[in-house]
Amino acid sequence: MKTSNPVLSQLGRAAERERAGAYGAYGPGGAPGYGPAGYDQPYPSQAYPAAPPAVRPMTIDDVVVRTVALLAITALSAAAAWALIPAPVAFPVLIAAALGGFVLGLVLSFMRMANPILIGIYAVIEGVFLGLVSKVFESLYDGIVLQATTATFGVFFLMAILYRARVIRATPKFARIMISIMVGLVAVMAINFVLYLFGINSGLRDGTPLAIGFSLVCIVVASLSFVLNFGEIEEGVRMGLPQKYAWTAAFGILVGLVWLYLEILRLLSFLQDD
């Protein structure tokens, strides 16, 4: 199983180990090793060993179903946070959700974990965070949440159309550049967040031309990250990755949508202030 996509190489090795483990000491022919039974191998003295468990490969439909499920969990969590969390504790909960989602997101991203429970927990945490953030922005700018939501899904579907038409392609060089840029942006945003907690204004989120420019860069990168996601999904299906990795693909799409929504929300608030 070979791939030129650096993001998928680790998943490919994991899939190979899973398949080897599924056969155990017995090859596809049902006898020790990888030759057919009886070829330089003695037949078992007793009953034939049980057939190895089949590992169902993931499909595009698997990714779509899991993405919709994660979006539903996120939306329900956001609605619950918006309606149920009282104002006196909203800010501490928002900060806790931001930190928890950031840490768990990094763990899931860099370890390429296909754990549906952890990914579901991430969706709940992000939903709480988005619900509280959206409530704050909506109280300041009437109708901004609907505008940001519409723009987010509009950009997502536009990128899907462009990828489908092969206008933009997820080449290995594209993947390496995107990963480097995203890691850099995550580092900058993490540092900016820490500075904010200590009351230091870096100028990246205060509505200045610098802040608007930074948000535009983030929106462009978040939009292009979907091309990387689509490329991973397409190649993962071609490689025959196990079905559980559809959760990893759905997680990647959710991360991109959350990031894009937040950046569009900020940009719209900057423009309305102006």
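**Exercise 1.** Describe the chain over residues 210-233 and over residues 177-198 in terms of helix, strand and the distance between the end C-alpha atoms.

*Solution.* Over residues 210-233 the chain is 100% helix and 0% strand, with the end C-alpha atoms 35 Å apart. Over residues 177-198 the figures are 95% helix and 0% strand, and the end C-alpha atoms lie 32 Å apart; helices here are DSSP runs of H or I with at least four residues, and strands are runs of E with at least two, numbered from the N terminus. Both ranges are among those that the unreviewed UniProt entry annotates as "transmembrane region", and such annotations may be inferred rather than shown by experiment.

This is a predicted model, in which local features need pLDDT of at least 70 and side-chain atom pairs count only at pLDDT 80 or more, while totals for chains, interfaces and linings use all residues. Residues are numbered from 1 along each chain as its sequence is written, and side-chain values use heavy atoms, leaving out hydrogens and water.

**Exercise 2.** Work out why the pair of Tyr163 and Phe230 is classed as tilted, and where its two residues lie.

*Solution.* Rings of Phe, Tyr and Trp (its six-membered ring) pair if their centres lie within 6.5 Å, and planes under 30 degrees apart count as stacked, over 60 as edge-to-face and the rest as tilted. The centres of Tyr163 and Phe230 are 5.6 Å apart and their planes stand at 50 degrees, so the pair is tilted. Tyr163 belongs to helix H5 (residues 144-164) and Phe230 to helix H7 (residues 209-239), 67 residues apart.
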